[in-house]
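Hi,

Here is the structure I said I would pass on.

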Amino acid sequence: MQAKPSTRPAVRRCAATGALALALLGAGLPAAAGDRPQPDLSHFYRQKVTWAACKGPDMPKDLQCAKVTVPLDYARPGAGTLDVALARYQATGKKQGSVLLNFGGPGGAGISGLATDSKEFMDLTNGYDVVTFDPRGVGRSSPVSCGEGGADASAATGGDDGLAHPQALLANLRKAAVECARHSGPVLAHIGTVNASRDLDVIRQALGDKKLNYLGFSYGTRLGAVYAAQFPHKVGRLALDGVDTLTEPLTEQGLAGAEGQQTALDDFLDWCTTDVACPFGQDRRAAGDQVVRLVHSLDGKPVPTDFGGSFSGQDLVGTIGQGLYSKQLWPSLERALSSLVQDGDTRGVLAFASGGSGLPLGGDRENRRLVDPQDVPVDNLDAALMAIDCADDPDRPDAAQLTKELRAMQAEYEQASPVFGRYRLTQLLMCYGRPKGTDFIRERVKNVDSAKMLLVGTRGDPATPYRWTVETAARLGSSAVVLDNKGDGHTGYSSSSCVHQKINDFLLYDTLPPNGSSCPADGADWSATTNTTS
């Protein structure tokens, strides 16, 4: 990867080649490109976006769709291309450009997210086209897949029995990695945040924006930080909500996630057991044990679903994790769990799982053009999450190290959470057998010389702990401005009227709160206290 996070040497070297070269070629170079010759990306930076109504029965009539073409491999732009899917709501007020949204994941599709949850972003159309995209390998943009059951971490690791037999476990993991490569096609080798950031800059130029205005949530904050390091002088107004870590290895991220989700589950059970409809009764102490027993029971004997598959205990853990992101989801989660416990009905819990609606695609497809929404593989979210996290992490313990440390890791994860520990550990193990990831994020995303960026951390966030906001801000340097949200839930824009307003003020009017200022834990949903523009 490129070395130093500064574009100034590259700009000086290009000065004699004229303004056109700077606009078209230099714009596509990440910071500190070094002295070696750079590939010509001018073809990609000359694109203009052509918008049309989005196709599909569930698409809002005023949502427009388009695409941009990017190199499959930025080091060899002539070796192939892929299309990245875009969607937008047009500005209704005085337009000052575009603001790009990333809803997180990794592996979350932007277009379906904006089509489903557009209301909270409509006030941004007072000054911007509100644009989102499906990153490479995600949604309609050459979606990765591991085939039927291939992205099931629990199945690949063999469950509890698999963890007890390391050699068989490692063989299964290598087989799973091969299946993911076979079903995903060429994009898998070029997936990850570093390339997605470069795609983001091509999108910026194609939209006609001199600088990138951006709102990223959760994993989207990692993408925004990497962009700021690669293209510091193209940073406009970047808001990062639910800040991801830039330095912790996946082993530590998994433990933090397990601990955070266990805390959120405990809070949910505190609430649930005060309700006579709670499927775990009204004895709070017994309720936690009942959840653990339910997970183990379903792992031992999964129940069938209406879609022909089965629903295991680890599937349930993933579902519960989704439902704990916001207190607004708790009543729906309670009803879904009640249907499962009382009637064996999986429809409610399955509704919390998100992803594609089609069948897994084979590896012999061209994998370059946009796919139709109905053809996105059902496992794309899980497959993309694993692929991107693994591509972003340089740690790859060998077989001997994993065999030696597996039991201790299992105990540590189960101590962090009796419910989420195994689920998080199996996700971590899925990187085994895949190529070593980049060290660019851990080593180079720091001391960013860019415009000010707003970083929002939520004290009770179950997925991205508040300390990651503080650590990432220190890592990024003086360009980072921290807003401390005293509330809870994953991210603050949708759950705190104060955070919502602070982010909008920054994006629309370039008004930043003082570094270290806070928003109260008011518990107010933004929609109850703000007016939106339709």
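**Starting from a loop**

Pro302 sits in the loop between helix 11 (284-300) and strand 8 (303-304). Keep in mind that this is a predicted model. With a relative accessible area of 36%, Pro302 is partly exposed, as that value falls between the 20% limit for buried and the 50% limit for exposed. Leaving out residues up to four places away in sequence, Pro302 touches Ser310, Phe311 and Ser312. Ser312 is 10 residues from Pro302 along the chain, and the C-alpha atoms of the two are separated by 4.5 Å.

**The whole chain**

Stepping back, the protein chain has 21 helices and 12 strands. Of its 534 residues, 57% count as buried. If you take the contacts with a separation of 6 or more, 75% of them are between residues 24 or more positions apart.

For an antiparallel pair, go to strand 3 (residues 81-89) and strand 5 (residues 129-133), which are joined over 4 bridges. Ala87 is opposite Thr132 of strand 5 there.

6 of its 8 residues are buried, so strand 10 is largely enclosed by the rest of the structure. Strand 7 (residues 235-241) pairs with strand 10 in the parallel sense over 4 bridges, and Leu238 stands opposite Met453 of strand 10. Strand 10 and strand 11 also run parallel, joined by 7 bridges. One of the partnered residues is Gly460, whose bridge partner in strand 11 is Asp488.

**A buried glutamine**

Gln64 belongs to strand 2 (residues 64-71). Is Gln64 buried or exposed? Its relative accessible area is 19%, and because buried means under 20%, Gln64 counts as buried. The side chain of Gln64 makes a polar contact of 2.7 Å with the side chain of Arg88. Apart from neighbours within four places in sequence, Gln64 is in contact with Trp51, Ala52, Ala53, Cys54, Leu86, Ala87, Arg88 and Gln90.

Last, have a look at helix 16 (residues 399-416) and helix 17 (residues 421-429). Their axes come within 8 Å and cross at roughly 150°, and the crossing is right-handed. On the helix 16 side, the residues that meet helix 17 are Leu402, Leu406, Met409, Gln410, Tyr413 and Glu414; their counterparts in helix 17 are Gly421, Arg424, Leu425, Leu428 and Leu429. Sorted by class, this contact has 7 nonpolar, 2 polar and 2 charged residues.

That is my tour; over to you.

How values were computed: Residues numbered from 1 in each chain as written. Predicted model: local features only at pLDDT ≥ 70, side-chain atom pairs only at ≥ 80, totals over all residues. Heavy atoms only, no water. Axes fitted to C-alpha atoms, helices over the stretch in contact; angles between N-to-C directions. Helix = DSSP H or I, 4+ residues; strand = E, 2+ residues; numbered from the N terminus. Left-handed = near helix turned anticlockwise from the far one by under 90°. Contact = heavy atoms within 4.5 Å. Nonpolar A, V, L, I, M, F, W, Y, C, P; charged D, E, K, R; others polar. Buried < 20%, exposed > 50% of the residue type's maximum accessible area, 1.4 Å probe, protein only. Polar contact = N/O pair within 3.5 Å; in protein donor to acceptor, adjacent residues only side chain to side chain. Pairing = 2+ DSSP bridges.
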